[in-house]
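The structure is shown first.

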Amino acid sequence: MLFPDYRPRRLRKNAAFRALIQETHLSPSQLICPLFVVPGKNKREEITSMPGVFRVSVDQLKKEARECLDLGVNSVILFGLPEKKDAMGSGAHKKDGIIQTAIRELKRSEPNLLVITDVCLCEYTDHGHCGCIINKEVDNDATLEILAKTALSHAQAGADMVAPSDMMDGRVAEIRATLDENNFESIPIMSYAVKYASSFYGPFREAADCSPQFGDRRSYQMDPANSREALREATLDVDEGADILMVKPAVAYLDIITKLRDEFDLPIAAYHVSGEYAMIKAAAEKGWIDGDRVMEETLLSIKRAGADIIITYFAKDMAKILKQPPHSPYVAI
Ligand code: PBG
């Protein structure tokens, strides 16, 4: 059917029609809010390059979690800044480490909150790499054991799900085996299966104080030029026992999200990363774009590409907008 018989504008006439035929929806229950935890009490420091995002001490973290739950955002992912760093990142798996304490406290005050933890060493190593260094290289196999120990310590503290982001080969299998051996067979793994060596992580590295002190992460994170390799990485993680596959970053990699969606039947998560957040915030602060509209359009695009779950620093802001009924993304003419 062609014009004038077919007129696509008929169904765009008003907000009710537009809502009726809306194909993609955002829901607060599928947003994960990243939270940064620091030692101390009553700490709440705004991250310069991420306005509206704070590094908080555990007492403040509980308030953040309460706010998330009140808005329908049931899941958080935790990142920790330890008191001390060392070459082997041993602070990552301490029983009373920053993350382990945060998990215990959060689960005590908010048992219904889904507490997910990022499993990586870069916040805990003095050199800032995601694994330990042997002979001037990030040693894959030596790192596996430390990662598995870290994931186990999170599970023992009460984490609901672990999310390895280190990009070492074989880490999903190693973590799965260690969790199972210790009776944590019911704890799922959300694997950062397809994680690119991206410059969009800049603000996060300020937030988590985890920039590599030498070299970069290109010997373990993926080349942004590659997409077939994404399928190989994801296949490996599926075979090793991942329960959820993640693509990171999100917006510059929408094609990769779609590819994984088409290829796998596991839930797909996308990480809308710090740099992607910062760019929208900065342009909105300058008055160059409408921040709320661009936020919503961006998150919708990630969903439309095929992600079920979005990890985003906008989780609370987006949930606030979704709470205002009746909701339709483009109510105005
Ligand atoms: C840890 C980790 C990073 C991010 C999540 N986990 C940093 C990195 O890999 O350099 C980035 C998240 C963001 O930019 O929002 N490895």
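## An exposed acidic residue and its patch

In this predicted model, Asp 141 counts as exposed because its relative accessibility is 58%, above the 50% cut-off. Asp 141 is part of helix 4.

On the surface, Asp 141 gathers with Glu 145, Asp 169, Glu 174 and Glu 181 in a patch of negative charge. At least two residues of this patch come from helix 4 (140-157), and at least two from helix 5 (171-181).

The whole structure contains 17 salt bridges. One of them joins the side chains of Lys 316 and Glu 64 at 3.0 Å, N to O. This pair links distant parts of the chain, with Lys 316 in helix 11 (residues 315-323) and Glu 64 in helix 2 (residues 58-70), 252 residues apart. Lys 316 is buried, at 13% relative accessibility, and Glu 64 is buried at 7%.

Lys 316 also forms a salt bridge with Glu 67, where the closest N and O atoms are 2.9 Å apart. Glu 67 lies in helix 2, 249 residues from Lys 316. At 35% relative accessibility, Glu 67 counts as partly exposed. A network of salt bridges links Arg 44, Glu 64, Glu 67 and Lys 316.

## The Arg 66 and Glu 110 pair

The side chains of Arg 66 and Glu 110 meet in a salt bridge of 2.8 Å, N to O. Arg 66 belongs to helix 2 and is 44 residues from Glu 110, which sits in the loop between helix 3 (98-109) and strand 5 (114-119). Arg 66 is partly exposed, with a relative accessible area of 37%, whereas Glu 110 is buried at 10%.

Technical notes:
Residues numbered from 1 in each chain as written. Predicted model: local features only at pLDDT ≥ 70, side-chain atom pairs only at ≥ 80, totals over all residues. Heavy atoms only, no water. Patch = residues over 30% accessible without salt bridge, like charges linked within 9 Å, V, L, I, M, F, W, Y side chains within 5 Å. Areas by Shrake-Rupley, 256 points an atom, 1.4 Å probe, with all protein chains shown as cover. Salt bridge = Lys/Arg side-chain N within 4 Å of Asp/Glu carboxyl O. Lys, Arg positive; Asp, Glu negative; His and termini not counted. Charge placed at Lys NZ, Arg CZ, Asp CG, Glu CD. Helix = DSSP H or I, 4+ residues; strand = E, 2+ residues; numbered from the N terminus. Buried < 20%, exposed > 50% of the residue type's maximum accessible area, 1.4 Å probe, protein only.
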